[in-house]
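Please open the structure in your viewer and keep the selection tool at hand.

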Amino acid sequence: MYSFNYQKVKTVADAAKVLAKDGDAKLLAGGQSLIAAMKLRLAHPSEVVDLGLIKDLSGIKADGKAVAIGAMTRHAEVASSAAVKKAIPALASLAGGIGDRMVRNMGTIGGSLANNDPAADYPAAALALGATVVTNKRKIGAGNSRTRPRATPSSEYSWPTSVRACASR
Ligand SMILES: Cc1cc2nc3c(=O)[nH]c(=O)nc-3n(C[C@H](O)[C@H](O)[C@H](O)COP(=O)(O)OP(=O)(O)OC[C@H]3O[C@@H](n4cnc5c(N)ncnc54)[C@H](O)[C@@H]3O)c2cc1C
C-alpha cells in the first residue's frame with residue numbers, strides 16, 4: 001500500500017474543505033471497497049478522510065411514506081430498521097443479503113452508491129425505487145447520477161450525505 005495521510009473529520013463542511021483543497025483525497029466510509037482498492041494499488045489517495053465521526057451522516061428517519069437514510073448508515077442497520085421494513089420491506093431484505101456479516105456491519109449505503117459498482121445491490125435498488133440521492137450540494141435523481149463505476153464523486157466536491165426513497169413512486 002502507498003503511504004497516505006489519514007484524518008477524521010467531524011462535520012460535512014470539514015470533509016468538503018479537505019476535498020476542495022486536495023483533488024487526490026478520498027472519503028472513507030466503511031472501507032469495504034476503498035481499503036481493498038488501496039491494497040491492490042488500484043487507488044492511491046494522498047489523503048483519506050474518515051467520515052465515521054460525522055453523526056449527521058448516520059441514521060434512518062421515517063419521512064411520510066418514505067425513508068431518509070444517512071450516507072454512513074451500515075447495511076445491517078438498514079436490514080434491521082423498523083422504519084425501512086414498514087416503508088420498503090424489499091429494501092430491508094436486500095440490505096440483509098449484502099455480502100457477509102462483516103460487510104453488513106461496516107459497509108454503508110453512501111459508500112455503495114458512490115462506488116456505483118454495476119453489480120452492487122443499492123445502486124440498482126435506488127434506480128428501481130426512483131430514489132433521490134441528497135449530496136452536500138444538491139439533490140440528484142438516482143437515474144441522473146453521472147458517477148462512473150468505482151469512481152468517487154469527490155472530485156466534483158459533491159458527495160452523498162443521504163438517500164430518500166419510498167416504495168410507491
Ligand atoms: C466480501 C465483500 C462482499 C460484498 N458483497 C456485496 C454484495 O453482495 N452486494 C453489494 O451491493 N455490495 C457488496 N459488497 C460491497 C459493500 O456493500 C460496500 O458497501 C461497498 O463496498 C462500499 O463500501 P463502504 O461503504 O465501506 O465504502 P468505502 O469502501 O469506504 O468507500 C467506497 C468508495 O466510495 C467513496 N465514498 C464513501 N462514502 C462516500 C460518500 N458518502 N460520498 C462520496 N463518496 C464516498 C470512497 O471514497 C470510495 O471511493 C461487498 C464487499 C465485500 C468486501
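This is a predicted model: local features need pLDDT of at least 70, side-chain atom pairs count only at pLDDT 80 or more; totals for chains, interfaces and linings use all residues.

Residues are numbered from 1 along each chain as its sequence is written.

Next, colour by secondary structure. The protein has eight helices and eight strands; these are DSSP runs numbered from the N terminus, with helices (H or I) of at least four residues and strands (E) of at least two.

Now select the ligand and its surroundings. A shell of 29 residues surrounds the ligand, and the closest are Gly 30, Gly 99, Gly 107, Gly 111 and Ala 114; a residue belongs to the shell if its C-beta atom, placed from the backbone, lies within 6 Å of the ligand. Which elements each supply at least two residues of this shell? They are strand 2 (25–28), helix 6 (101–106), helix 7 (109–115) and helix 8 (121–129). Helix 7 gives the largest share, five residues.

Finally, select residues 60–63 and 66–70, which are strand 4 and strand 5. These strands run antiparallel and are joined by four bridges; strands pair if DSSP finds at least two bridges between them. Asp 63 has Ala 66 in strand 5 as its bridge partner. Two residues lie between the strands of this hairpin, where Gly 64 takes a positive phi near 65°.
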